[in-house]
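Student: Please pick one part of this model and take me through it closely. I would like to know what it is built from and what lies around it.

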Amino acid sequence: MTSALTQFLLPAECLLCHALFPFAKADDLVCAVCRHRWRPVSPPWCDRCGQPEPHFGPCRLCHDWVPAFGPVRSAVWLDAPARKAVHALKYGGFPKMGRDLAGVMVRHLRAPPPGSALVPIPLAPRRLARRGYNQSEVLARALGTAWQIPVFSGLLARVRETATQTTLTPASRLANVAGAFQVRIDDCGVRIDPRINQSAIRNPQSPLVLVDDVFTTGATIAAAAQALAQAGCTHIAAVTFGRAVIPDFT
């Protein structure tokens, strides 16, 4: 009765187009019409980084990545309709939007193989405190439930504050996130190998799948993958909800 009265007095609407939801869909944030406007990323693409463009010679995005990293796949193009949903998740204070975005990822992306674990890209502590949640962890938790695989939210830490990547050039993005991530020694399947005096993944053959909201040039997830590779992980992949429509290579 309370829910029905609330829906009558304050009818739920799509966060993007403001269309009213029927009572059965009152908990949704995005309507079916808006979801239909999200354009799936489709092949042909680079087998490693998933960039769907013609390649003449080495791919410009991923040729400098660590050997352990790849493949990377994104669910939809980050054009205006999808970007609005991502902004609601990241900046609008709507963590529930992660459930809607993860549902689209499950529909368009292949589930990781058995033995995989999801690793969300971490936020810097100050930014996490300001936002109240990590949008990548929200996505990873929803994906973990759908794919029935664990989420290692404490495996990676962002060890220094970085400027927002939004307005940076590709070269500046790489410099901005260089050395920003570190593998943490906790209960996420990590140990110290005294012979080499560095972190090592307990089972380096088990694939770890990085999770982030958006792929633009890949600088952030490549830096995170490098930290995992330095810790001993030999199989690293990544998934994102959105992919920038026209990466900036200037």
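Tutor: One term comes first: accessible area here is computed by the Shrake-Rupley method with a 1.4 Å probe. By that method the protein chain exposes about 12,900 Å², and carbon and sulfur atoms supply 59% of this area. The model is a predicted one. Of the 250 residues of the protein chain, 48% count as buried, where buried means under 20% relative accessible area. The chain has 8 helices and 8 strands. Among its contacts between residues at least 6 apart in sequence, 69% join residues at least 24 apart.

The part to look at is a sheet. It is open, has 4 strands in the order β1-β8-β7-β2, and its pairing is parallel. At the edges are β1 (69–78) and β2 (117–120), each of which pairs on one side only. Neighbouring strands in this sheet are turned against each other by 25° on average, direction ignored.

Now walk across the sheet from β1. This strand is joined by 7 bridges to β8 (residues 236–244), and the two run parallel. In this pairing, W77 stands opposite R243 of β8. From β8 the next step is to β7: 7 bridges join these two strands, again running parallel. Here A237 in β8 is the bridge partner of V209.

Part of the surroundings is a helix. Helix α6 (residues 135–147) lies across β2, β7 (208–215) and β8, and runs at about 125° to β7. Leaving aside residues up to four places away in sequence, L118 touches A140, L143, G144, W147, I149, P150, V151, F152, V209 and V211.

L118 also belongs to the largest nonpolar core, which has 37 residues. It is among the residues with the most contacts inside that core, together with W38, M97, L101, M105, L143 and F241. Two or more residues of this core come from each of β1, α3 (80–90), α4 (97–108), α6, β7 and β8. In soluble globular proteins, nonpolar side chains tend to be buried together. Apart from this core lies another, of 32 residues, including C59, A68, A224 and C233.

Finally, a point about cysteines elsewhere in the chain. The count of disulfides is 0. C31 is buried, with a relative accessible area of 10%, but the cysteine sulfur closest to its own, in C17, is 3.6 Å away, which is too far for a bond; the cut-off is 2.5 Å. C34 is in no disulfide either, as the nearest cysteine sulfur, that of C17, is 3.7 Å away. C34 is buried too, at a relative accessible area of 5%.

Conventions
Residues are numbered from 1 along each chain as its sequence is written. This is a predicted model: local features need pLDDT of at least 70, side-chain atom pairs count only at pLDDT 80 or more; totals for chains, interfaces and linings use all residues. Side-chain values use heavy atoms; hydrogens and water are left out. Two strands pair if DSSP finds at least two bridges between them. Axes are lines fitted to C-alpha atoms, for helices over the stretch in contact, and angles run from 0 to 180 degrees between N-to-C directions. Contact means heavy atoms within 4.5 Å. Buried means under 20% relative accessible area, exposed over 50%, partly exposed in between (1.4 Å probe, protein chains only). A nonpolar core is a set of buried Ala, Val, Leu, Ile, Met, Phe, Trp, Tyr and Cys residues joined through side-chain atoms within 4.5 Å.
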